[in-house]
Amino acid sequence: MNRTAITLAAAVAALAAVTGFAVVAAPSSDGATTRQAAARLPVERSSLVCPAPSTSDIAETRYTAFTPAGKGGGTAGGARLLPSGTGPGTDAKKDGKDGKDSKDGKTKGGAPDSGKPVAELKQPGKPVTADASGGDSPALIGSADGPLAPGWTAQQTTTVDAGGSRGVLGTNCTAPDTDFWFPGASTAASRQDYVHLTNPDDSAAVADIELYGKDGAIKSEVGEGITVPARSTVPVLLSTLTPDPAENLTVHVSTRSGRVGAVVQSLDDKLGSDWIPASVAPARSLVLPGIPADATSVRLVAFAPGSDDVDLKVRLAGADGTITPAGHETLHVKAGMTASADLGDVTKGAAGSLVLSQSGGGRATPVAAALRVVRGKGSKQEVAFIPATGQVGERASVADNRSKGSVLSLTAPGATGKVKVTSSPGSGGGEQVVKTYTVKGGTTLAVKPAAPSGLKGSYALTVEPEAGSGQVYASRALELPQDGVPMFTVQTLPDDRGTVSVPRARQDLSLLDD
């Protein structure tokens, strides 16, 4: 008789590494089921989607993909960003107008070769870049596996020098999901805001878009049951969902079936353009990191999705400590309604971060929030958006940093934080640089990160809290001024979800053999 041991944990580990979720219970010695302590293992597969960058003929877009070194398993793997509506092996047209690559490596006048990845990462620790020109660049759908999956990130940065969509439009390509909140959108006459829905999967997804203004839900049947075909993208102009303009809106995207990547593109006639990323899931306390030191106008937009009103305590964590902005001690947010507060030039020449918490006792009431931030004055103004975000956690990265223009903001709302910041080698060469920063509790530290020595191309930043560090929140501002306009964009750095909890469980199933 032979006894064969089958390890249940192995199957669970594989499931968790791919899906990011697994729960298992192991039997105790007396046959009862007991839970075991969980281990952290690297994920084995990651998915990202990037929205169609711009419809402007003068748009210039850079894609940068990166996986930090150190946590991937195995040696085989890949990470590719492909045009939406296409897949591996699709025949490409070659008529000179369909995205045929030019000698300078840029995509001209249309979608890239449908059978060729726009950007393909082959090794962790060093970013790759790809450039595209014009207004026909498609949304991208990407996946990474093996050692390139843990912490895989991609940045899309578009510059438009003139016209109604003038500005720097930057966004982290997002993981597909089923639920998103976007405070800070608008259907005002001066704005054109689009929700971009991108489906990475091989079957259609069905999504709903709900709008909430200062008086509550805005009824609209047009936003219900929007079909997003397989491996395709659908942009929805918010003003088509309601006949009445609204200055401050919260957009809720959810799916009935399937999953999508979602992000809002904001085009403002006076303030330029940028992407509005999703807020972290509604919570009782929130951190919105990285308001620039020279911000001339800051607007807070918040939404309470539950059934209770809430008073939010508003605090600014600056260079020297945490203060309450004069005249803006609290913000009252009614249940199911969007509230806003104009904070003006709240940073007063020193970078800061907004910290929101529920004022007083009562039931915990979660909120979603975001900031609209303006730099410059008069006709030389530029806008960006900072959503509430999660803490850095174990590790977080942001790609597409240039030789000049990056500002890293680190916030420790509670205990003092200490982080290691790694500047990767450049996409075209260079040696990585590692620095350590201490962020005093209740403050924001804004630094210009050290560029890699011998930098060629763009590089990535990776932030890792050290042992014993307090919670740290982070964002990166990328400043690309043009003709006196302080063009910029801000990306937050939440935990990269490069690892997943897997229970330490083992179960022997005995098989009797003759």
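Let me start with contacts, meaning heavy atoms within 4.5 Å. Among contacts in this protein between residues at least 6 apart in sequence, 81% join residues at least 24 apart.

A word on the model. It is predicted, so I take local features at pLDDT of at least 70 and side-chain atom pairs only at pLDDT 80 or more, while totals for chains, interfaces and linings use all residues. Residues are numbered from 1 along each chain as its sequence is written, and side-chain values use heavy atoms, with hydrogens and water left out.

Now the overview. The secondary structure comes to one helix and 41 strands. Helices (H or I, at least four residues) and strands (E, at least two) are DSSP runs, numbered from the N terminus. The protein has 514 residues, and 53% of them are buried. Buried means under 20% relative accessible area, exposed means over 50%, and partly exposed lies in between, with a 1.4 Å probe and protein chains only. The accessible surface is about 21700 Å², and 49% of that belongs to carbon and sulfur atoms. Those areas come from the Shrake-Rupley method with a 1.4 Å probe; for residues, only the protein chains shown count as cover.

On to the sheets. Two strands pair if DSSP finds at least two bridges between them. In what order do the strands E4, E6, E8 and E10 stand in their open sheet? The order is E4-E10-E6-E8, with antiparallel pairing. Strand E4 (45-50) and strand E8 (119-121) are the edge strands, and each pairs on one side only. The twist averages 15° from one strand to the next. For angles, axes are lines fitted to C-alpha atoms, for helices over the stretch in contact, and values run from 0 to 180 degrees between N-to-C directions. Look at E4 and strand E10 (residues 140-145): six bridges, antiparallel. Within that pair, Leu48 stands opposite Gly142.

Next, strand E5, residues 60-66. Five of its seven residues are buried, so E5 is largely enclosed by the rest of the structure. Six bridges join E5 to strand E9 (residues 128-133), antiparallel. There, Thr64 faces Thr129. Seven bridges join E5 to strand E11 (residues 153-160), again antiparallel. Thr61 has Thr158 as its bridge partner in E11.

Now find the open sheet E31-E38-E33-E35. It has four strands and antiparallel pairing. Why is one side of E31 and of E35 left without a neighbour in the sheet? Strand E31 (396-401) and strand E35 (433-439) stand at the edges, and each has a single partner strand. Neighbouring strands here are turned by 20° against each other on average, direction ignored.

Stay with E33, residues 417-423. Five of its seven residues are buried, so to speak mostly covered. Five bridges tie E33 to strand E38 (residues 459-465). Val419 pairs with Pro465 in E38, and Ser423 pairs with Leu461. Towards E35, the count is seven bridges, antiparallel. Lys418 has Thr438 as its partner there.

Let's turn to the cores. In soluble globular proteins, nonpolar side chains tend to be buried together. A nonpolar core here is a set of buried Ala, Val, Leu, Ile, Met, Phe, Trp, Tyr and Cys residues joined through side-chain atoms within 4.5 Å. The largest core has 31 residues, and Leu288, Ile291, Leu300, Leu331, Leu354, Leu356 and Leu371 touch the most other members. Take Ile291. Beyond four places in sequence, Ile291 touches residues including Val298, Leu316, Leu354, Leu371 and Ile386. A second, separate core of 27 residues includes Val195, Ile226, Val251 and Val383.

Thr242 lies in the loop between strand E18 (233-237) and strand E19 (249-257). Is Thr242 buried or exposed? Thr242 counts as buried, at 9% relative accessibility. Leaving out residues up to four places away, Thr242 touches Thr187, Leu211 and Ile218. A polar atom of its side chain lies 3.4 Å from the backbone nitrogen of Asp244.

The other is Gly344, in strand E27 (residues 338-344). Gly344 is partly exposed, at 27% relative accessible area. Which residues does Gly344 contact, leaving aside neighbours within four places in sequence? They are Thr296, Ser297 and Val298. Gly344 and Ser297 are 47 residues apart along the chain, yet their C-alpha atoms are separated by 4.4 Å.

Methods
Polar contact = N/O pair within 3.5 Å; in protein donor to acceptor, adjacent residues only side chain to side chain.
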